[in-house]
Amino acid sequence: LNTMLTPGQTCYLSIDLEDYKHATMLDMGLEPRTNPEQSWRGVNRILAVLRETESHPALTLFTTGQVARNQPDLVREMAAQGHEIGCHSDQHENVYTLTRSGFLHNLLRAKDSLETAGGQRVVGFRAPNFSIDDRTSWAYPVLAEAGFTYDSSVASSRRRTTAEPYDVLRLPEGELVEFPIYRHVLAGNQGIRVIGGTYFRLLPLELIVMLMKKSASLGYVPLIYLHAADADDQPSPVRWNEMSRLPYLSRCAWSLRQQQWLVGAQSVADKLRAILALFPHQGPMHRALPTHAAVR
């Protein structure tokens, strides 16, 4: 793989930290339960690999307000270790399911919870499932209104021409910096976000490296996003009996879907170790902000 490396290539590694069981049960329409042990296991496994590399030792954790309220010790410890705490919505809601006023309320509640738990200012946001898109262009001014400096929710296939890893959106509410993620189009409207989550677990290492190189050639700094559940070596999905309120076919569908989410978790650490040797991680994303934006 070393022969595939172009000098100067780097990446940003980040963790999208929702409570897997809580968020999944909410999606199922069930009364959610928390699973703090899984969050700790997955995060620690990712950070253990990072510490083995020559990359920057700190990263950005895009975390939900629910995690901050239910696991303030986790958020506090991550901040104490020097990691940046970003916002990942309040309970992992997709932005397109919210109204403008609902999104603002969601952001402010999450931001308050995260800042209380972590003791640091929260300036970055990433939408669950990258759910800021053509349906939700109204989200950018809401982010600026809520006091965010940057966003990292947009998946794009266009070639970038700026040397910076971000774009600057000029809004009536002020500037908002956007760190876009490259979306590799396969056919029609199907594509791969480069790279994280299910893609990171299922795709072979050689293909991941190829996609990251393609991303870099088009002007992107590759953004690796991993969830705690992606790296958990003791998976604990929502069990059949926990879904007893759901119709039978729905329970079957959710069981199959969760099995898909578990495939490849054992390979995450080895893949990440190899990738960071080729694309060193640059550190928390807020460090890249233009000076005038960083101090806003």
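Before listing anything, I take buried to mean under 20% relative accessible area. I also keep in mind that this is a predicted model.

**Helix H10.** I looked up the buried residues of H10 (residues 268–278) and got Val-268, Ala-269, Lys-271, Leu-272, Ile-275, Leu-276 and Leu-278. Then I checked what they pack against: strands S1 (12–17) and S11 (223–227), plus helices H2 (36–52), H7 (197–202) and H8 (205–217).

**Helix H1.** Next I went to H1 (residues 20–28), where seven of the nine residues are buried, so the rest of the structure largely encloses this helix. My list of the buried ones reads Tyr-20, Lys-21, His-22, Ala-23, Thr-24, Met-25 and Met-28. Their packing partners are H2, H3 (65–70) and H9 (248–262). At the start of H1, a side-chain oxygen of Asp-19 comes to within 3.2 Å of the backbone nitrogen of Lys-21. Just after the helix, Gly-29 has a positive phi of about 80°.

**Aromatic pairs.** How many aromatic pairs are there? I get 12.

Tyr-182 is in strand S9 (residues 181–187) and Tyr-220 in the loop between H8 and S11, so the pair ties together parts 38 residues apart in sequence. Buried or exposed, I wondered about Tyr-182? It is buried, at 5% relative accessible area. Tyr-220 counts as buried as well, at 4%.

I also found a cluster in which ring pairs link Tyr-12, Phe-62, Tyr-150, Tyr-166 and Phe-179.

**Charges over rings.** Arg-160 lies over the face of Tyr-220, 5.8 Å from the ring centre. Arg-135 does likewise over Tyr-96, at 4.0 Å.

**Strands around S8.** Last stop was S8 (residues 174–178). It pairs with S5 (residues 150–151) in the parallel sense over two bridges, and Tyr-150 stands opposite Val-177. With S7 (residues 167–171), S8 pairs in the antiparallel sense over five bridges. There I noted Arg-170 opposite Glu-175, and a hairpin of two residues joining S7 to S8.

Terms used:
Residues are numbered from 1 along each chain as its sequence is written. This is a predicted model: local features need pLDDT of at least 70, side-chain atom pairs count only at pLDDT 80 or more; totals for chains, interfaces and linings use all residues. Side-chain values use heavy atoms; hydrogens and water are left out. Two strands pair if DSSP finds at least two bridges between them. Helices (H or I, at least four residues) and strands (E, at least two) are DSSP runs, numbered from the N terminus. Buried means under 20% relative accessible area, exposed over 50%, partly exposed in between (1.4 Å probe, protein chains only). Contact means heavy atoms within 4.5 Å. A polar contact is a pair of N or O atoms within 3.5 Å; within protein, one must be able to donate a hydrogen and the other to accept it, and residues adjacent in sequence count only if both atoms are side-chain atoms. Rings of Phe, Tyr and Trp (its six-membered ring) pair if their centres lie within 6.5 Å; planes under 30 degrees apart count as stacked, over 60 as edge-to-face and the rest as tilted. A charge sits over a ring if NZ of Lys or CZ of Arg is within 6 Å of the ring centre and within 35 degrees of the ring normal.
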